[in-house]
Amino acid sequence: MPRRSPSDEDQPRTGSAAYLSNMNGVAAVGRAMAIAQVMEAARAPLTLTQIAEASGLDKSSVLRLVASLEQCGLAIRRRDQSYVLGPL
């Protein structure tokens, strides 16, 4: 088997349909980043409803994504059930 040069690894495989379909990234990551951006721009605690309205996402999606951000420490739930952005 011929050895690949390091520059070959830097080049995308354009022939694979699966590769091309993944070039847009993971949709959930994009939605989570949209939520983080909303939270940062607010600079104040937000409820799930406020996050959903500001991000354009449905509330059930926001609930799941904020829970994931919370597990990673990127979102903090306050006693009043509002959320703030955690440290990076």
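Analyst: This is a predicted model. Of the 88 residues of the protein chain, 23% count as buried. The chain has 5 helices and 2 strands, in the order α-α-α-α-α-β-β from the N terminus.

User: What makes Val62 a buried residue?

Analyst: Val62 has a relative accessible area of 0%. Buried means under 20%, so Val62 is buried.

User: Where is Val62, and which residues does Val62 touch?

Analyst: Val62 belongs to helix α5, residues 59-71. Leaving out residues up to four places away in sequence, Val62 touches Ile35, Leu48, Ile51, Ala52, Ser55 and Leu57.

User: Why are α3 and α5 called roughly perpendicular?

Analyst: The two helices, α3 and α5, pack at an angle of about 80°, with their axes 10 Å apart. Angles of 65 to 115 degrees count as roughly perpendicular, and α3 and α5 are therefore given that label. On the α3 side the contact is made by Ala28, Arg31, Ala32 and Ile35, and on the α5 side by Val62, Leu65, Val66 and Leu69. These residues divide into 7 nonpolar, no polar and 1 charged.

User: How do you know that Leu48 is buried or exposed?

Analyst: The relative accessibility of Leu48 is 14%. The limit for buried is under 20%, so Leu48 counts as buried. Leu48 lies in helix α4 and touches Lys59, Val62, Leu63, Val66 and Tyr83, not counting residues up to four places away in sequence. The C-alpha atoms of Leu48 and Gln81 are separated by 8.4 Å, although the two residues are 33 apart along the chain.

User: What makes the buried residues of α4 line one face?

Analyst: The buried residues in α4 are Leu48, Ile51, Ala52 and Ser55. Seen down the axis of α4, they fall within an arc of 100°, so they line one face of the helix. As background, an α-helix has 3.6 residues a turn, so residues three or four places apart point the same way. Glu53 and Ala54 are exposed, on the face of α4 turned away from the buried side.

User: What covers the buried residues of α4, and what follows the helix?

Analyst: The cover includes α3, α5 and β2. After α4 comes Gly56, with a positive phi near 80°.

User: Why is Arg43 called exposed?

Analyst: Arg43 has a relative accessible area of 71%. Exposed means over 50%, so Arg43 is exposed. Arg43 lies in the loop between α3 (27-42) and α4 (48-55).

User: What is the phi of Arg43?

Analyst: Arg43 has a positive phi of about 50°, although it is not a glycine. Most residues other than glycine have a negative phi.

User: Why is Gln81 called partly exposed?

Analyst: Gln81 has a relative accessible area of 46%. Buried is under 20% and exposed is over 50%, with partly exposed in between, so Gln81 is partly exposed. Gln81 sits in the loop between β1 (75-77) and β2 (83-85). Its phi is near 70°, a positive value in a residue other than glycine.

Notes
Residues are numbered from 1 along each chain as its sequence is written. This is a predicted model: local features need pLDDT of at least 70, side-chain atom pairs count only at pLDDT 80 or more; totals for chains, interfaces and linings use all residues. Side-chain values use heavy atoms; hydrogens and water are left out. Helices (H or I, at least four residues) and strands (E, at least two) are DSSP runs, numbered from the N terminus. Buried means under 20% relative accessible area, exposed over 50%, partly exposed in between (1.4 Å probe, protein chains only). Contact means heavy atoms within 4.5 Å. Axes are lines fitted to C-alpha atoms, for helices over the stretch in contact, and angles run from 0 to 180 degrees between N-to-C directions. Angles under 35 degrees count as roughly parallel, over 145 as roughly antiparallel, 65 to 115 as roughly perpendicular and the rest as oblique. Ala, Val, Leu, Ile, Met, Phe, Trp, Tyr, Cys and Pro count as nonpolar, Asp, Glu, Lys and Arg as charged, and the others, Gly among them, as polar. The arc is that of the directions from the helix axis to the C-beta atoms.
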